[in-house]
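I opened my notebook today to get to know a new structure. Here is what I looked at.

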Amino acid sequence: MNISTRFAVAIHILTLIDSNKDGKSTSEWIAGSVNTNPVVIRRLTGMLNKAGLVEVRPGVAGAKLTRSSADITLLQIYKAVNAVEEDSLFSVHEHPNPECPVGKNIAGAIIPVFSLAQKAMENVLQEVTLDQIVHQIPVT
């Protein structure tokens, strides 16, 4: 019922790749930072590759961004990893009582509001770039 953690992990992956331009960003190395299995990283990196955000090649270690981090928005990342389906960030309970006037009409009353709220969130994500996130991370 909430945004998949794939979104946050994908941002983590891309931030790491951007911060490691001179090194090899392998799934094992990234998994160490995310604290997850490299298979999870490879799955998400595959989704990011399919969306054109990273370049990966089978049998070759490492991933690279396909463009500047300033040209990648959080909305692109959000959509790349299928964080949520269109108009489904918020769910409405199934099978309310059709004999009740509220139960019969609640979905029609709140679904448009939920849709507007999701669009507003997506508009914010469109305005934030990966580069802005990268610059929030302290350099050690």
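My entries below go from the overall layout to single residues.

**Ground rules.** I am working with a predicted model, where local features need pLDDT of at least 70, side-chain atom pairs count only at pLDDT 80 or more, and totals for chains, interfaces and linings use all residues. Residues are numbered from 1 along each chain as its sequence is written, and side-chain values use heavy atoms, with hydrogens and water left out.

**Layout.** I started with the helices (DSSP runs of H or I, at least four residues) and strands (E, at least two), both numbered from the N terminus. I found 6 helices and 2 strands in the protein. Along the sequence they come in the pattern α-α-α-β-β-α-α-α. The radius of gyration, taken over C-alpha atoms, is 19 Å, well over the 14 Å from the globule rule for 140 residues, so the protein is more spread out than a compact globule. That rule is 2.2 Å times the number of residues to the power 0.38. I also noted that the C-alpha trace spans about 65 × 30 × 25 Å along its principal axes.

**Surface and contacts.** I looked up burial next: buried means under 20% relative accessible area, exposed over 50%, and partly exposed in between, using a 1.4 Å probe and protein chains only. Of the 140 residues, 33% count as buried. For contacts I used heavy atoms within 4.5 Å. Among contacts between residues at least 6 apart in sequence, 64% join residues at least 24 apart.

**Two positive phi values.** Which loop holds Asn35? I found Asn35 between helix 2 (27–34) and helix 3 (38–50). Its phi is near 65°, a positive value in a residue other than glycine. Asn35 is exposed, with a relative accessible area of 71%. I then turned to His95, in the loop between helix 4 (74–80) and helix 5 (101–127). His95 is not a glycine, yet has a positive phi of about 60°. With a relative accessible area of 74%, His95 is exposed.

**Val92.** I stayed in the loop between helix 4 and helix 5 to look at Val92. Val92 counts as partly exposed, at 23% relative accessibility. What does Val92 touch, leaving aside its neighbours within four places in sequence? I listed Ala107, Ile110, Ile111 and Phe114 as its contacts. I also checked Val92 against Thr15: these two are 77 residues apart in sequence and 34 Å apart in space, C-alpha to C-alpha.
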